[in-house]
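Here is a short briefing to read with the model open beside you.

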Amino acid sequence: MQCVNVALETVDVKHIYKTQTIANNASSLPWNQNMEFPSARQRISRESMLMAVAQIVSLRGTCQRARVGAVLSRDGRILSVGYVGSPPGSAHCIDVGCQIENDGCIRTQHAEANAVAWAARSGVSTEGSTLFVTHSPCLSCAKVLIAAGVSKVYYAEPYRLAYGLSLLESSGVETVHLEESRHVV
Ligand SMILES: [Zn+2]
Ligand SMILES: [Zn+2]
């Protein structure tokens, strides 16, 4: 299946967050008369919204090598999220350093696998779901996603190794590159 490139709309999350925080501190609605409500023209797509969520989720990552965030969705709604980090109860890279083997950190579980694991843990089916992820999946995560029945993957940045994308595409999982004009967070 062919990879499709789609331009990711600009989402100024920092601005939105800032204005909402100011509004909340003022004990008023997030969008009051002093703030500019996004016009209909500025309304973002579901794809941009979910990728922006993935980028915010990535900020929870605990490995310095790559902050990756993932959102599993269906029909524009979120089923599960995940970010790169050690298994629950294990030491984090940000506290004890990365554990490097073969040019990769093996201390952490990747965001995509964590998102699938949380869905499994909470009894949510991932069959036919769509993944939004900040970096294209590695080979191991691609295998997990295929096995979990994920049918479409949107990614913002290509991972240094393209094997994962190749496997997804040859397995019938559609991949879409949401190109960014700038980082949203
Ligand atoms: Zn690490
Ligand atoms: Zn991975």
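Predicted model: local features only at pLDDT ≥ 70, side-chain atom pairs only at ≥ 80, totals over all residues.

Residues are numbered from 1 along each chain as its sequence is written, and chains are lettered from A and ligands numbered from 1 in the order in which they are written.

**Overall picture**

- The protein chain holds six helices and eight strands; helices (H or I, at least four residues) and strands (E, at least two) are DSSP runs, numbered from the N terminus.
- Read from the N terminus, the order of elements is β-α-α-β-β-α-β-β-α-β-α-β-α-β.
- Of the 185 residues, 36% count as buried. A residue is buried if 20 or more other C-beta atoms lie within 10 Å of its own, exposed if 12 or fewer, and partly exposed in between, with C-beta atoms placed from the backbone.
- Among contacts with a separation of 6 or more, 57% link residues 24 or more positions apart. Two residues are in contact if their C-beta atoms, placed from the backbone, lie within 7 Å.

**Confidence**

- The average pLDDT of the protein chain is 83, and 74% of the residues score at least 70; pLDDT is the predictor's confidence in each residue, from 0 to 100.
- Residues 16–35 have a pLDDT below 50, and this stretch has nine contacts in the model beyond near neighbours in sequence.

**The nonpolar core**

- In soluble globular proteins, nonpolar side chains tend to be buried together.
- Here the largest nonpolar core has 39 residues, and those with the most contacts inside it are Ala-70, Val-71 and Leu-145. Such a core is a set of buried Ala, Val, Leu, Ile, Met, Phe, Trp, Tyr and Cys residues joined through C-beta atoms within 7 Å.
- Two or more residues each come from α2 (46–58), β2 (69–74), β3 (77–83), α4 (111–121), β6 (130–135), α5 (139–147), β7 (152–157) and α6 (163–170).
- The element that gives the most to this core is α2, with six residues.
- Ala-70 is worth a click: leaving out residues up to four places away in sequence, Ala-70 touches Ala-54, Val-81, Gly-82, Ala-111, Glu-112, Ala-115, Leu-131, Phe-132 and Val-133.

**β2 and its two partners**

- β2 is largely enclosed by the rest of the structure, because five of its six residues are buried.
- β2 and β3 run antiparallel and are joined by six bridges; two strands pair if DSSP finds at least two bridges between them.
- β2 also pairs with β6, in the antiparallel sense, over four bridges.

- β6 and β7 run parallel, with five bridges between them, and Leu-131 stands opposite Val-153 in β7.
- Together, β6, α5 and β7 make a right-handed β-α-β unit. A crossover is right-handed if, with the strands pointing away from the viewer, the path from the first strand over the helix to the second runs clockwise.
- β7 pairs in the parallel sense with β8 (residues 174–179) over four bridges, and the bridge partner of Tyr-154 in β8 is Val-176.
- The path from β7 through α6 to β8 is a right-handed β-α-β crossover.

**Loop residues to look at**

- Asp-75 lies in the loop between β2 and β3, a hairpin with two residues between the strands. Asp-75 has a positive phi of about 55° although it is not a glycine, and Asp-75 is exposed, with 8 other C-beta atoms within 10 Å.
- Asp-103 lies in the loop between β4 (100–101) and β5 (104–105). Asp-103 is not a glycine either, yet has a positive phi of about 65°; Asp-103 is exposed, with 8 other C-beta atoms within 10 Å.
- Gly-61 sits in the loop between α2 and β2 and counts as buried, with 24 C-beta neighbours inside 10 Å.
- Not counting residues up to four places away in sequence, Gly-61 touches Arg-67, Val-68, Gly-69, Tyr-83, Val-84 and Gly-85.
- Gly-61 and His-110 are 49 residues apart in sequence, and their C-alpha atoms are 9.4 Å apart in space.
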